[in-house]
Amino acid sequence: MTLFVSPSPAQAADSIVLPVVSHWQTLADSHHVYVSSPGDNAVVATDHNGQVIKVVEGLDGARGMGLTADEATLYVALPEADAIAEIDTRTLTEVRRIPTGTDTEPENLALSGGKLYFSYQATPFSGGIGSISIAEANPIVGLDNDPQWYSKPRLASSPAAPDRLVAADSEGSLGMRVYDVGSGTAQEIAYTEEVGSVEDLAVTPDGGSVITARGGTYYHQQWRLSDLTEEAQYDTGPYPNAVAIAPDGTVAAGVSASGEWDIYVYRRGETTPFRTIAVSRGGSMELVRRGVAWAPDGTKLFGTRFTHAGEVILDIITDVRKANSNITLTAPAALPLGESVTVHGKLTSLVPFPKSKVVTITRNDEQIATAKVKADGTFTFTDIPPLAGYPTYIATYAGDADHASGTGTVQVEITD
C-alpha cells in the first residue's frame, strides 16, 4: 500500500507581497495590520484584506511594536536611532520621537502599568528593561539599574493584568520573569530558569498565563503567570517561532520547520489543534519569527512569511475558525495496465461533519468521479488508468460551515 496525506493550503482572502525586504514583527488592530521592517527602516500598514495603506518611512531599524489599548497610538522601537517612535494610527504619521539614551538600541516593547516598557542594550554583554512615562508631555525615561539578561529580553503584557509585565531572555538561558509594575517600579514576583532563547511570547486574554515560542523545543509552552509553573505544552513540532492569542483565548502557534504545517490553532484550554495551516507551500518560504497576529475580533488570522526570493508575504486566513478536513488515501503500490485501481479513503476531523458529504476525485488533475462518504468517514473509488505510468489520485472535500476544505493524495505505479 502507498499512503500520502497532503496539507491543505492556507485559506487566505489574499496573499500580499509587501513592499519591504525584511520583517521583525507582525501586529494587528481593528483596522490595520502592521509589519515592521528593519531593513527598510519602515512599518507597512495594510487593511485587513491586505491592501497596503501606507509605508511609514524614516523609522531607523524599525523592530518591536506596541499598541495602546484604545488603538490610537502605535509605538515602534528604533534601535538605530536610540529612540522609540510614536505613530498616530489614524493618520499613520510619526508624531513624536522619544530618545532612550545613547547606545541603548531599544528592541522589544510592551505597555503595562501606564508606562511603555522596552528592552535595550544595557552593556556590551547584557540587556535591560527600560520604561517611559508616555502620558507626560515630557516623558521620563528610566533605565535598568541591575541588568539581568544576556540579551534584550522579549516583553509581553495584557490589559487583563494591567500591572504585570513578562520578560524572557531572547538569546540566552537567563529564564523568564514576571514583574509587578503597579507602583511605577518593576518588582520581580516570579521567575523560572526553564526558559531560554524565546522567539515570541503572549499573555492570555484573562491575564492568567503566558505562552512562549522558543526554537530549542518542539512545542509551545504555557506558564501560570503568578508563579511561572508550566501548565501545558502544545506539540507543534520544530521550531516554535511565533504565538498570538485571540480575545476568546484561541491560540495560534507558529513554527518555522514543521514540514506539513506552519500554524497550529487551539481552542482555549485544549492542547490538540482543531485547525492546522500550511503557508510554506513547497518549502520555498517559511513563517517568520513573530509573524502571527489575530484581528481583534478573532475572525481573521494574519501570517507573514519570507520567500527564498527575498519577498515578504502577508497571508490573510479568513476561515481560521473552521476545523481541519483531513483525508488519508491508500491504494496498491503497483498494478499492471488494464487492472482496476481501488482506492480507500477516510475523511476525519475533530469537529463532526454533516450527515451527507461527498469528495471529488481527480486523476492527474482531471476530475473522474465523486464518492459518497459514509458515517464513519470512509469512502472508496475505482478507476482503470488508460496509460502506464504513475497516476496521482487526489480526493478533495470542499468544506462546509464548520470545516475548511481538505485534500488527500496517493500515487500508484501502472506497469506495462
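Two strands pair if DSSP finds at least two bridges between them. Strands (E, at least two residues) are DSSP runs, numbered from the N terminus.

This is a predicted model, in which local features need pLDDT of at least 70, side-chain atom pairs count only at pLDDT 80 or more, and totals for chains, interfaces and linings use all residues. Residues are numbered from 1 along each chain as its sequence is written, and side-chain values use heavy atoms, with hydrogens and water left out.

1. **Strand β20.** β19 (residues 198–203) runs antiparallel to β20, joined by 5 bridges. Val 203 stands opposite Val 210 in β20. The two strands form a hairpin with 5 residues between them. Gly 207, in that turn, has a positive phi of about 75°. On to β21 (residues 220–224): β20 pairs with this strand in the antiparallel sense over 4 bridges. Ile 211 stands opposite Gln 222 there. β20 and β21 also form a hairpin, with 5 residues between them.

2. **Burial of β20.** Buried means under 20% relative accessible area, exposed over 50%, and partly exposed in between (1.4 Å probe, protein chains only). In β20 (residues 209–214), 6 of the 6 residues are buried, so the strand is largely enclosed by the rest of the structure. Ser 209, Ile 211 and Ala 213 point one way. Val 210, Thr 212 and Arg 214 point the other way.

3. **Strand β36.** Here the side chains alternate. Tyr 393, Ala 395 and Tyr 397 point to one face and are buried. β33 (residues 358–363) pairs with β36 in the antiparallel sense over 4 bridges, and Thr 362 stands opposite Ile 394. β37 (residues 406–411) is joined to β36 by 6 bridges, again antiparallel. Thr 407 is the bridge partner of Thr 396.

4. **Nonpolar cores.** A nonpolar core is a set of buried Ala, Val, Leu, Ile, Met, Phe, Trp, Tyr and Cys residues joined through side-chain atoms within 4.5 Å. The largest has 20 residues. Those with the most contacts inside it are Ile 327, Leu 329, Val 341, Val 343, Val 359, Phe 379 and Tyr 393. At least two of its residues come from each of β30 (326–331), β32 (341–348), β33, β35 (378–383) and β36. A second, separate core of 17 residues includes Ala 242, Ile 263, Ile 277 and Ile 317.

5. **Asp 29.** Asp 29 sits in the loop between β3 (25–28) and β4 (33–37). Asp 29 is buried yet has no salt bridge (a side-chain nitrogen of Lys or Arg within 4 Å of a carboxyl oxygen of Asp or Glu). The nearest side chain of opposite charge, Arg 90, is 9.9 Å away; Lys and Arg count as positive and Asp and Glu as negative, while His and the chain ends are not counted. A polar atom of the Asp 29 side chain lies 2.9 Å from the backbone nitrogen of His 31.

6. **Backbone geometry.** Most residues other than glycine have a negative phi, and most peptide bonds are trans. Asn 41, in the loop between β4 and β5 (42–46), has a positive phi of about 50°. Asn 41 is partly exposed, at 28% relative accessible area. Asn 364 has a positive phi of about 55° and a relative accessible area of 47%. Pro 238 and Tyr 239 are joined by a cis peptide bond, with omega about -15°.

Key:
Polar contact = N/O pair within 3.5 Å; in protein donor to acceptor, adjacent residues only side chain to side chain.
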